[in-house]
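Here is a short note to read beside the model. Keep the structure open as you go.

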Amino acid sequence: MSTDVSETRQPTDRGSPVVRTIAMPADTNPAGDIFGGWLMGQMDLAAGNVAARRARGRCATISVDAMAFHRPVIVGDEVSIYAWIVKVGRTSLRIQVEVWRREREGETTMKVTEGLFTFVAIGSDRRPRPIPPEVEETWEV
Ligand SMILES: CC(C)(COP(=O)(O)OP(=O)(O)OC[C@H]1O[C@@H](n2cnc3c(N)ncnc32)[C@H](O)[C@@H]1OP(=O)(O)O)[C@@H](O)C(=O)NCCC(=O)NCCS
């Protein structure tokens, strides 16, 4: 896990963020700061999207490791969530997630949070199923 909190350039080599949203007042804790649980939920959503796409079906979060909150997220921030697969197992996928903030009225971006999410592909019986072979991305115009 990278712990370099001085990173201020978004990971352009990761492509587009899987989720991009705005931190709203409804996402705060009782102290008025952005609630860590909201951020973790957004990370789980992003990683789950990557997992379901690769596993071509239902997946369940089984663990979250190396979660680190480096900097706060402020109400009004643009929050970009990057997620990519770091390991494909027999039935599981490990997905690295990074969250970056951009001040609403500025261009400065900062990595605020990261974590390693593990998902298990499950069938309709909710039991693990093998991850299918990877398929090529296709485009229709
Ligand atoms: C996901 C679930 C079906 C897996 O069942 P299980 O009997 O624990 O699975 P297995 O022991 O066969 O392990 C399945 C895979 O998960 C991995 N795994 C198991 N426990 C793990 C853990 N704590 N951390 C990371 N990976 C883990 C195994 O290594 C295996 O991976 P592989 O097939 O790629 O080698 C079951 O744990 C479950 O339903 N958990 C609840 C999930 C859930 O509800 N998530 C949302 C919470 S709101």
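This is a predicted model: local features need pLDDT of at least 70, side-chain atom pairs count only at pLDDT 80 or more; totals for chains, interfaces and linings use all residues.

1. Residues are numbered from 1 along each chain as its sequence is written.

2. Start with the sheet. It is open, with five strands in the order E1-E3-E4-E5-E2 and antiparallel pairing. Strands (E, at least two residues) and helices (H or I, at least four) are DSSP runs, numbered from the N terminus. Two strands pair if DSSP finds at least two bridges between them.

3. Look at the edges. Strand E1 (19-22) and strand E2 (59-69) each pair on one side only. From one strand to the next, the twist averages 25°.

4. E1 and strand E3 (residues 78-88) run antiparallel, joined by four bridges. Arg20 has Ser80 in E3 as its bridge partner.

5. Helix H1 (residues 36-55) packs on the sheet. H1 touches E1, E2, E3, strand E4 (92-102) and strand E5 (109-121). Its direction makes about 135° with that of E4. Such angles run from 0 to 180 degrees between N-to-C directions, with axes fitted to C-alpha atoms.

6. Now find Ile95. Leaving aside neighbours within four places in sequence, its contacts (C-beta atoms, placed from the backbone, within 7 Å) include Ala47, Ala83, Trp84 and Phe119.

Definitions and conventions. Two residues are in contact if their C-beta atoms, placed from the backbone, lie within 7 Å.
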